[in-house]
Every structure is written in C-alpha cells, then in structure tokens.
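Open the model in your viewer and keep the selection tool ready. Each stop says what to pick and what sits there.

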Amino acid sequence: MPDLLLELFSEEIPARMQTRAADDLKRLVTDALVEAGLTYESAGAFSTPRRLALTVEGLTAMSPTLTEERKGPRTDAPEKALEGFLRSTGLTKDDLEARDDKKGQVWFAKITREGRTASEIIAEVMPGIIQNFPWPKSMRWGAGSLRWVRPLHSILCVLSDEAGASVVPFEIAGISASDTTHGHRFMAPAQLRVTSFEDYQQKLGRAHVVLDAGARAETIWADATNMAFAQGLEVVEDKGLLAEVAGLVEWPVVLMGDIGADFLDLPPEVLQTSMREHQKFFSVRNPKTGRIERYVTVANRETADNGATILAGNSKVLAARLSDAKFFWENDLRTIRSVGLEGMAKPLENVTFHAKLGTQAERIDRIASLAREIAPRVGADADEAAQAARVAKADLASEMVYEFPELQGVMGRYYAKVQGLSDAVAEAAQTHYAPLGPSDDVPTEPVSVAVALADKIDTLTGFWAIDEKPTGSKDPFALRRAALGVIRIMEQGKKRIRLRQLLLNYSATLIPDTIAFAKEGEKTLEVGSYKLLSNKFDLKELTKAGRRVVIQRCGFGGNEVGDLLAFLHERLKVHLRSDGIRHDVIDACLPMPQNDDLVLLANRTRALQAFLDTEDGANLLSGYKRANNILNVEEKKDGVSYELDPDPKLSEGEAETDIFTALDQVEATIAPALEAEDFAAAMTALASLRAPIDTFFDKVTVNADSAIVRRNRLCLLNRIRVTMNRVAIFSEIEG
C-alpha cells in the first residue's frame with residue numbers, strides 16, 4: 001500500500017492562515033481520494049511559512065472495479081427516451097438487457113467502471129484542488145491565471161512503497177509536480193530530492209526547517225522560559241502570540257533583549273501590548289516587582305554573532321515605538337492632573353455612540369444614573385457606583401487608548417489611581433466591560449458589578465427601544481454578548497434583581513421629556529410631551545387637518561420590557577444548556593412567578609433537573625403525564641374545566657383517600673419551601689406523591705359510572721396538576 005507525500009512550496013504564507021490551510025488541504029485531498037474509491041489508514045497535514053505539506057499513509061494502490069445496474073425506459077418507449085438513456089450510460093442498444101417488470105418489459109444497463117491506479121486518481125484531482133483552494137485572500141502573479149495566497153514556486157508529489165518512489169505526474173499553471181523541494185531560505189536554500197515522508201522530514205530538519213508548527217512552538221517556549229529563568233525572570237504567557245510567531249519562522253532562534261531604562265516605568269500592559277502588536281515580542285517580567293524588564297524575540301536564522309546584530313536592530317525599533325507610548329502616557333497624565341478624568345472625558349460629548357442613542361457622554365450619564373439605582377441591590381455604595389460610571393469610559397478619550405484600543409479599561413484603572421480615586425472605582429473602570437467572552441471572568445466587587453450591569457442593561461434597553469434587535473445570525477451591536485454578560489454577572493455573584501421593574505423604572509425616570517410642536521400657518525402650537533432616549537432621533541411628519549405636525553418620539557414600555565426579558569430568557573437557556581440543563585426543563589420553569597429574577601430562575605431550573613434525574617422524579621413525571629392527559633381528553637370531550645375543589649367525602653377506597661391525604665401534606669410543605677426558595681425541599685415533597693399516584697391509577701377507575709364520582713375524580717386529577725405546577729409546569733417536560 002503506497003504512501004502519498006504532497007508539498008506546495010510558495011512565498012511566505014501569513015501566519016494566521018497556515019493552520020486553517022493545512023486542515024483544508026488534508027480535508028480536500030482525502031475527501032477527493034475517498035470519493036474516487038481509494039481508502040487510507042491515516043493522514044497528517046503540516047505548515048511552515050513557505051510550505052503546506054500532506055502525508056497520506058496506507059493508501060490503496062487502485063480503486064476497485066465497480067459494476068452498476070441501471071434501470072432504463074420500457075422496451076416500447078419512444079426512441080428518443082432510449083437514445084437519452086444510451087447517452088447517459090455510454091452503451092449501445094446491443095449492450096442492454098430486456099427484463100420483465102410490473103408494467104411490462106424494461107431495458108437494463110450493466111455498467112462496469114474499471115479501477116484506476118492511485119497515481120492516476122491523484123493526478124486527476126490535484127489540479128482542481130489547487131485551483132479552487134479556499135484561501136481567505138489570494139493573488140495572481142506574472143501572466144498566469146492561477147490564484148494562490150502568495151506566488152507558488154513548486155509542487156512535490158510522490159507515491160512511495162516497498163518497490164520505491166515515483167512522481168505523480170500532473171501540471172498546473174506551468175508548474176510540474178516533482179520529487180524536489182528546498183530547505184531554509186538563507187541557511188540551506190539548495191534543492192532537496194526526497195523519496196518518502198520520513199526522508200522528507202529528515203532532510204528538511206538537516207536543512208534547518210522544522211516542519212511541525214507545534215514542535216516550533218514548543219521549542220520557542222522552552223528556550224524562552226529557560227533563558228528567562230536563568231536570569232530570575234519569567235516570560236508572560238501569550239498563547240496567541242506563540243502560535244503566530246511559530247508561523248513566522250521555519251528555524252526558530254530565541255533571543256533576549258533589553259528594554260531601555262527610560263521605558264521601564266510604563267504600565268506593564270502598555271509595554272506588553274506595544275511589543276506584541278508592533279514587534280511580535282514576548283514580554284519578560286520580573287516576578288518580584290511585576291515590571292516588564294526585557295523582551296524575547298524569535299529570529300528565523302542563526303548568525304555568526306549569535307543574534308547581536310538582530311537584537312541591536314530590534315532594540316532600536318522598539319525604542320522608537322516605546323517613545324511614542326511614553327509620549328501618550330505622559331500627555332494623558334498631564335491631562336488628568338489638570339482637569340481630572342471627567343475633564344478627560346469631555347471630548348466624548350462629540351463622539352456619537354449611535355445616531356438614535358446620542359453621544360458617548362449622554363450614554364455615560366444614563367449609565368451613571370442606572371448604576372446609582374442598581375448599587376443598593378448589589379451591595380454597593382450608590383454615590384461611589386455613580387462616580388465610577390462617570391469616569392469608567394474616560395480613557396476612551398485618552399491618547400493611549402486611541403493608539404491601543406485593546407487597553408480600554410486597563411488604562412482607566414491606572415488613570416483612576418493617578419487621580420487618587422478609590423480602589424473600587426479604579427477596579428470598576430477596568431472590569432465593567434467584562435465578560436467579553438463565555439469563559440472570561442466576571443466582575444465581583446459590588447461597585448464593578450453595578451457599573452457592569454448598568455453598562456450592559458443600558459445597551460440592551462437602548463437598542464430595544466430603537467428596534468435594533470439581533471436577527472438570525474446577525475448581531476452587529478453584540479446584544480447577545482451583553483445579555484449573557486448580565487446573566488453570568490447575576491448568577492455567579494448571586495445578585496438578586498427583579499429586572500422587569502428595573503427596566504420599567506429605567507425607561508420612566510431616565511428618558512427625558514421632549515416637546516413636540518405643530519405649525520399652523522405662522523403660528524407654532526404645542527402638541528404634547530413624549531419620552532425620548534436622546535434628542536437625536538429621526539423626525540416623523542404627520543399631516544392632520546392641514547396642520548404640519550413634527551414629533552420626536554421613542555418609547556420603551558411594558559411590551560418592550562416583556563420582549564427584552566424573553567430575549568434574556570433565551571440567552572439563559574443557551575447558558576444553562578451549556579451546563580447540561582435540558583431545554584424542556586428550562587421551559588418548565590420559565591412560566592413560574594418571578595421569572596425576571598434570573599438567579600431564582602436558574603436555581604429553580606437546576607433543582608428541577610436534579611429531581612428529574614432521580615428515579616422518584618422520573619416516575620412522578622410519568623404519573624403527572626398520565627393525570628394531565630386524562631384530564632385534557634375529558635375536558636375537551638365534555639367542554640368544561642374541572643377546576644372545582646374535589647370532595648374527599650366522595651372517595652371510594654383507601655387508594656383514593658390516600659391521594660387526598662398526600663396532597664394535603666405536600667401542599668402544606670410546598671408553600672413554605674417555595675416561600676423560602678428551597679426548591680430542593682419542594683421537589684422532595686413532590687416525590688412523596690409518587691406512590692399514592694401510582695396506587696391510585698392501579699386501583700381506581702377515573703371514569704366511574706357515577707357522574708358525580710367521575711367529576712370528583714377529574715377535579716382530583718386537576719388538583720394533582722395544580723399542586724405540581726406550583727413548582728414547575730411539568731407539562732412542558734418531554735417524556
């Protein structure tokens with residue numbers, strides 16, 4: 001069984017595209033081979049800055065010969081139908097066989113497709129794969145029509161087995177497949193002839209090319225950490241940068257350089273961001289002081305001076321970059337000392353947040369007001385929360401954040417400390433954006449929680465008010481992320497807030513009044529006042545009785561609140577499903593009271609899931625379903641609802657009497673348990689209904705001959721349903 005070795009050798013491939021390209025190459029080639037009838041044992045893809053490589057081991061030497069029978073038209077069908085069938089099969093009429101069928105005789109064709117060698121199949125499929133390769137961006141060069149991410153220089157394509165190796169012959173855009181490649185661009189540029197993947201990997205290694213990106217990353221990290229450890233320092237972990245740098249070099253050579261003394265007092269995050277973004281340097285930190293003192297760079301070659309010239313050039317460029325960062329930092333400090341953070345934020349009055357939601361400054365005012373209202377509910381000081389909200393976004397107007405947008409929040413914390421604000425305010429400036437992703441930490445300090453919730457709730461409320469809601473996969477304003485942030489902050493911090501009233505209060509007290517006017521001739525008449533989120537809204541013109549009416553209006557009332565809560569509930573479903581909670585269990589809890597308290601709702605859902613996972617829970621659900629189904633059928637048939645209280649005096653037998661007794665006991669237990677929000681206790685009380693319900697259905701006929709007894713028993717089933725539905729709507733649960 002032969003092995004395939006394929007390499008596409010080009011100019012440097014952008015690091016961010018390499019891993020995806022290697023995976024695409026593996027998928028496209030193996031899928032094409034399998035579709036053509038070949039099988040294989042294993043496949044592996046590799047990438048370096050200058051090559052994509054693929055090895056397919058244990059490939060079948062030939063595709064199998066296949067015989068297919070195809071049914072054609074009837075023997076008495078028109079001649080044109082027969083001609084079309086013959087064209088599709090490539091046969092003649094003499095090759096067909098007439099067979100009896102249900103509706104008469106039918107022509108059958110027996111088509112034999114001969115097997116082909118692996119070499120023939122590979123030569124056939126590869127040009128199409130290369131021509132249609134799914135690069136995010138590609139280019140043409142010279143006079144050819146081939147598009148590739150960078151100019152393609154050569155193609156290596158070899159099949160090898162015990163008998164030896166042979167080139168798979170194909171050509172594309174004037175490039176013929178061969179058994180040759182090249183080593184490192186500078187250290188070993190000579191041509192290499194290879195016979196197998198093992199030979200290819202060994203010769204590349206000797207030619208200063210590490211084929212595996214993972215191995216290059218491991219080498220870089222090991223050398224960097226060892227070099228730092230030897231000097232009592234540590235490398236700041238950055239997995240994204242490590243993967244990127246591993247895609248920039250074929251032969252990683254780790255070097256450590258110094259940061260100029262003039263820059264050591266810059267915030268560590270500034271140094272780290274500048275070096276990562278501009279130079280692709282790793283930051284080296286002093287664990288005793290937390291300062292970034294040195295950097296690690298990765299060269300693509302060994303040099304006679306052990307990298308001294310490379311480090312000298314890098315340090316010179318780095319000094320220029322850090323001089324800019326230092327200039328921004330010092331300018332920002334002067335601004336803060338002169339006018340404070342709120343003065344720094346003054347330019348935000350001219351920065352539009354959204355055309356219909358006003359400026360960033362107007363939004364900050366809204367967030368500060370809302371943070372003041374939320375603060376007592378999360379254990380924060382209202383004045384401190386409002387102050388934190390007013391300065392939390394001031395760094396958006398700083399020169400540093402203008403240069404490095406990813407430092408928003410981080411710089412806010414530093415600037416707050418420079419101004420002498422409290423630790424809680426400084427913390428809120430940094431963390432109120434969190435969480436940005438599903439695995440990010442959430443704010444935990446009360447002031448930070450108040451500002452973070454106010455920020456996200458303002459975003460959700462504002463875009464709901466102007467009807468800019470997510471649709472399908474489109475969510476340009478990241479409202480799903482904001483909703484998930486609200487959920488995670490509340491649930492992880494156990495912050496109990498009734499969102500419905502909060503949202504209604506917010507829209508009623510925060511949105512200012514604006515007067516609408518009507519013009520009648522030269523006279524201006526006041527029409528009325530309307531609630532607005534901002535004074536910057538589209539104008540709607542109405543004509544009534546010859547009067548031109550200009551109205552500015554944007555409402556956010558009960559309907560919008562209900563719609564927004566439904567959106568939050570959908571996000572909560574997604575969040576809980578990731579924790580293994582079934583969707584139907586969540587649906588069973590959503591209709592319950594206080595469903596706008598997301599912590600309460602999550603606790604109820606988790607308790608119900610745990611209950612249903614027990615044997616008692618599963619069996620009780622079965623009993624509920626039986627009672628509910630009987631009741632639904634009989635109510636539909638009779639056209640009435642059996643909602644009256646059942647009379648225990650009409651019981652016949654112990655099984656029926658026991659149900660009444662059990663329900664009395666359960667109801668007495670459930671009420672205080674639900675009041676105390678002890679859902680586990682409420683579920684445990686429900687579990688005691690399992691045996692009486694089972695016995696009832698085993699020994700009692702609901703549809704008794706006596707109409708009075710039948711009605712009483714149906715009312716009893718309704719009481720079972722109502723009692724269980726006080727904990728959750730069990731009819732929503734599947735199974």
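Select helix 14 (446-465): of the elements around the largest pocket, this helix gives the largest share of the lining, four residues. The model is a predicted one.

How big is the largest pocket in volume? About 510 Å³. Colour the lining by class and you get 10 nonpolar, three polar and five charged residues.

Next, the largest nonpolar core, with 138 residues. Pick I374, L453, L608, L686 and F730, which touch the most other members. Helix 14 returns here: it gives the most to this core, 11 residues. Apart from this core lies another, of 37 residues, including L38, A118, M126 and W135.

Zoom in on L686. Which residues does L686 touch, leaving aside those up to four places away in sequence? Select F611, L620, V666, I670, T723, M724, V727 and F730.

Last stop: strand 1 (residues 3-10). Is strand 1 mostly covered or uncovered? Mostly covered, with seven of its eight residues buried. Strand 7 (residues 152-161) runs antiparallel to strand 1, joined by eight bridges. Find L4, which stands opposite L159 of strand 7. Strand 3 (residues 51-57) is also antiparallel to strand 1, with six bridges between them. There, E7 has A53 as its bridge partner.

How values were computed
Residues are numbered from 1 along each chain as its sequence is written. This is a predicted model: local features need pLDDT of at least 70, side-chain atom pairs count only at pLDDT 80 or more; totals for chains, interfaces and linings use all residues. Side-chain values use heavy atoms; hydrogens and water are left out. On a 1 Å grid over the protein atoms alone, a cavity is a set of points where a 1.4 Å probe fits but cannot get out, and a pocket is an open set with protein on both sides within 12 Å along at least five of seven lines; lining residues have an atom within 4 Å of a point. Grid points are joined across faces, edges and corners, and a volume is the space filled by probe spheres set on the points. Helices (H or I, at least four residues) and strands (E, at least two) are DSSP runs, numbered from the N terminus. Ala, Val, Leu, Ile, Met, Phe, Trp, Tyr, Cys and Pro count as nonpolar, Asp, Glu, Lys and Arg as charged, and the others, Gly among them, as polar. A nonpolar core is a set of buried Ala, Val, Leu, Ile, Met, Phe, Trp, Tyr and Cys residues joined through side-chain atoms within 4.5 Å. Buried means under 20% relative accessible area, exposed over 50%, partly exposed in between (1.4 Å probe, protein chains only). Contact means heavy atoms within 4.5 Å. Two strands pair if DSSP finds at least two bridges between them.
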